[in-house]
Amino acid sequence: MEAVLESLLVLPHETLEESVRLVRGVEAEQLLASFTSLWHPRLVADCRQPPRWCGPSSVPSPLDGHLIVVSDATFAQLPAAVADRILQAPRHTVVSTTDRQELLRELLGTEVGNLADGAIEWDFLALGYCYLQLRVLTHRMHYTSRLNEESFLQQLLKAADAALADEPTQCRDALGACFDMLAEERDHYYPVEVHLLDLAVVPPQSSSDCLAADLDQPQALTWLLPAATLARWAASGSPELPRLRERLEANLCGILAGPLRETMDPVLSCESVLEQVTAGHATYTQHLGQAPETFGRRRYGLTLLLPLVLGKVGYRNAWHATLDDGRFPQGRQGRHRWEGPDGSTIDALARAPLDAERPETFLQLANTIADAMQSDYVATIVLARWAGRPNPWITDLRRCAHYTKALGKLVTFEDFFHKAADAGYVEQFRVDDYQSPYLRQDVSRQLADPLSRVVQYWRRRAEVHRWQTMHTWAHLLQRPDMDHLAQDTLAQDMNRSLSLRVDDSLEAAPREIETGDSVPSPTTLDDDLQNAQRTAATALAAALLPALRGDTLGRLVINPHPVVTCLLHEAEVVKVPALGYAWLPQNPRPNAPEATKVKGLKSSLFAAIGAVTGSKARTHPPLARELQLSNEHFEAHVDPHTGGLHALYSYETRGNLLSQKLAFRREAKDGGHNAAHPAFADISVDGIETVTNDANRGMIRTHGRLIGPTQETYGRFVTEYAAQRASRILEISVTLDIPHLPDGDPWKSYYACRFAWGNASAVLIRSLHEMCIPTSARRLESPLFLEFGEAKSAITILTGGLPYHVRSESHVLDTMLVVPGESQRQFRLGVGVGLKQTAAEALHWLAGPWSIADVRGPDQASTGWLFHIDARSVIVTHWQPVTNPTSESTPTTSDGGGARLRLLRTRPGSGPVTLRAFRPITSAYEVDLEGRLLSECSIRDGAVVVDMSDYQWLDLELKWE
């Protein structure tokens with residue numbers, strides 16, 4: 001190659017700092033490739049100096065003796081005179097490629113080795129990258145360079161000459177000296193390590209081959225590896241897994257472990273979140289030979305419940321960020337203690353990753369490092385990339401890290417949490433700091449039923465809970481002469497199978513599109529749920545009814561929720577106790593004897609309620625009048641103009657509490673005035689009639705049309721309002737007939753049930769899992785309920801699983817019914833007046849009592865409770881019979897009878913909670929998920945007393961003599 005005097009790079013902007021800050025995409029990659037290629041040892045040896053750079057207006061003249069390099073994008077913007085001058089230069093290259101090997105072939109006129117082969121000349125390019133970043137970083141930190149240019153040049157030329165003479169040891173020593181001088185310059189203004197976390201993201205459907213290249217890298221990296229993908233690799237006998245285990249044992253790499261499936265956690269029940277995280281943790285432990293320490297996930301799914309759940313499962317650290325769309329808080333410091341609503345904390349890194357697939361990420365790395373230095377107690381940067389995909393800039397960063405820590409030290413997530421200093425901050429984020437992307441993602445991917453999929457999930461989840469409850473009660477009530485319902489392990493397996501299948505049903509459509517896997521039919525799942533509940537109810541009836549002693553056919557109603565429920569039987573309202581039952585004979589005898597108490601059971605288990613028929617009944621007025629429904633608790637007025645709810649009154653307070661109507665919102669397309677004020681359809685009522693009207697139930701039906709400004713019909717509706725005696729809930733059923741689905745942004749185009757209330761300053765409460773959390777968000781997820789108002793005048797909207805809501809004004813809320821892609825046309829909502837147990841009522845609304853007919857029991861109707869909790873804000877989220885202790889830490893009684901419950905306090909508040917059972921409790925323990933003893937609970941008069949704080953979620957194991 002002909003010798004040149006100087007290599008010169010023409011920048012796209014006048015200064016290096018400006019060029020680094022402004023260029024993007026291909027131009028950024030060309031700038032990186034051009035700058036670093038000019039540091040090749042042959043070019044350095046020929047020029048006897050490092051490359052220089054200049055702005056477009058500073059191109060020297062003449063250009064003889066210069067090697068001119070300019071990107072094609074920059075060249076196209078040069079003045080014609082300057083461009084002609086470059087073209088006339090003896091040695092010039094207009095870069096049109098982003099491939100450095102191709103560029104070097106053009107600059108050197110010969111073939112060059114591959115970047116991945118470890119040739120030492122690539123270390124020179126890494127030195128050029130480090131030099132570039134340190135120049136920008138020094139300027140960005142407002143310092144003057146202290147680099148000894150003469151000594152640096154001397155060592156650089158020494159390294160270049162040694163490389164050309166094939167003297168690798170001398171070459172690396174000289175290169176090391178160059179890197180050391182760059183490190184000394186950075187240490188002058190920031191003598192603390194910067195932590196770089198190389199995060200290799202494994203696509204869900206990739207093969208284990210994507211690990212091969214990175215498994216040989218000497219520098220630390222972390223894999224974000226889905227649990228389901230790991231299980232698939234293990235089942236297929238992946239050859240990379242043994243090597244991965246070896247590197248993990250040697251602490252040469254790390255794993256970000258996630259749930260079994262990355263589901264839509266913020267709209268799921270707390271039990272679903274726990275089950276998915278637990279199943280994922282077990283998968284990693286089984287196939288990697290060690291329990292993972294750090295939790296992370298690719299898809300959005302951050303929730304305030306995670307600190308509590310991760311601590312329960314055994315995680316020590318968490319990555320408080322995702323790679324998906326959506327919004328999450330960053331926190332005051334990158335590293336902090338992430339606090340959940342119950343006060344539990346976990347070490348977390350709350351920094352969004354940089355996209356390592358974009359060249360500007362590496363071009364602007366110095367600016368990112370400067371920002372981290374200035375804002376974080378522990379300067380930390382996460383670089384996320386796809387595993388197995390070649391990335392020359394990550395390779396340059398690794399080569400730099402081999403010589404120096406000037407640009408940062410590459411560490412795993414585990415190393416970061418173990419070695420980096422803890423800033424000591426505790427962060428408790430608000431629920432409104434998080435905003436998921438699920439709705440827009442589902443609509444943009446054209447997934448079916450983005451709303452009703454969540455509704456079906458919650459219904460099935462409530463049915464799983466009902467099965468758990470009945471199965472556990474039947475187990476506890478079984479007589480000595482009865483066979484056990486099932487071995488404890490089999491029952492646990494069935495519970496786990498049903499629960500995970502319900503979670504999978506929510507993600508079935510997305511997974512089928514992404515992976516092509518066939519998914520089970522929802523009908524099969526629903527059938528299995530019904531069969532499981534039927535079997536458990538039959539077993540419970542077999543254990544309970546013989547204790548009542550009788551041979552009369554009747555119906556057994558089982559209430560698995562801690563709220564009293566009212567039902568109609570033989571033209572009378574029967575109240576079924578919370579966590580109890582009601583026995584309703586078909587033909588009760590007026591003077592039948594009281595139910596007999598069974599030895600060993602508390603008398604409160606059985607309480608005769610008198611014959612349902614045959615005794616003198618109280619007379620009650622009809623519940624419906626013209627455009628009005630009323631019972632003991634509220635009065636509802638139907639609006640003849642909108643076909644909606646004109647007003648809702650409580651007898652315990654004054655003023656209208658709530659109004660409601662249907663609404664259709666259209667996204668404005670013209671970008672004009674309507675874009676700021678989207679159009680809502682008008683309503684034309686075609687008819688109103690009273691459907692049911694007696695002393696126990698009243699129903700009013702309205703029907704009409706949603707019409708546009710030019711009288712076009714957007715849809716027809718039928719709305720039914722029903723009230724039942726003794727119930728605090730007004731039932732709302734909506735049926736829509738829609739000729740065309742809405743289109744566009746689902747948050748701006750939808751059919752909805754619109755609610756409005758008078759007090760604009762009322763605090764709105766949303767459901768997060770089963771917890772009641774205050775919110776001021778405009779767009780929110782709340783699949784169970786929404787609540788506002790004070791005490792006796794509190795209004796609770798029971799959404800029945802409908803997850804998405806828009807608060808258009810402080811006192812106006814739209815609950816979405818139909819968005820693009822939604823096929824469901826029938827909806828059921830409830831409005832509760834003065835409900836005392838919001839979360840329990842919402843779960844009861846999804847799946848109420850289970851009724852089993854044509855069973856034999858006593859002649860007289862009776863009710864009773866099996867368990868009782870004295871705190872209204874506490875619910876049981878999980879029931880499980882315990883035949884044998886899971887650990888020697890939790891002693892058991894001689895007969896081995898017991899149960900494990902998970903209690904959740906759904907509202908803020910602290911104090912003792914008393915749990916009673918149908919049989920005196922002899923011992924109780926707070927345990928972990930494995931059943932290991934955490935503490936012993938106090939027993940008072942056969943009841944367990946446990947102190948519970950705000951939103952606490954704890955496991956109890958109960959024992960009986």
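## The largest cavity

A cavity here is a set of points, on a 1 Å grid over the protein atoms alone, where a 1.4 Å probe fits but cannot get out; its volume is the space filled by probe spheres set on the points, which are joined across faces, edges and corners.

This is a predicted model, in which local features need pLDDT of at least 70 and side-chain atom pairs count only at pLDDT 80 or more, while totals for chains, interfaces and linings use all residues. Residues are numbered from 1 along each chain as its sequence is written, and side-chain values use heavy atoms, leaving out hydrogens and water.

## Who lines it

Lining residues have an atom within 4 Å of a point. The largest cavity has 13 of them, and Arg-461, His-465, Glu-770, Leu-843 and Thr-877 are the closest to its centre. Two or more lining residues come from each of α20 (452-477) and β42 (874-881); helices (H or I, at least four residues) and strands (E, at least two) are DSSP runs, numbered from the N terminus. With 5 residues, α20 gives the most.

By class, this lining has 5 nonpolar, 5 polar and 3 charged residues. Ala, Val, Leu, Ile, Met, Phe, Trp, Tyr, Cys and Pro count as nonpolar, Asp, Glu, Lys and Arg as charged, and the others, Gly among them, as polar.

Conventions. On a 1 Å grid over the protein atoms alone, a cavity is a set of points where a 1.4 Å probe fits but cannot get out, and a pocket is an open set with protein on both sides within 12 Å along at least five of seven lines; lining residues have an atom within 4 Å of a point.
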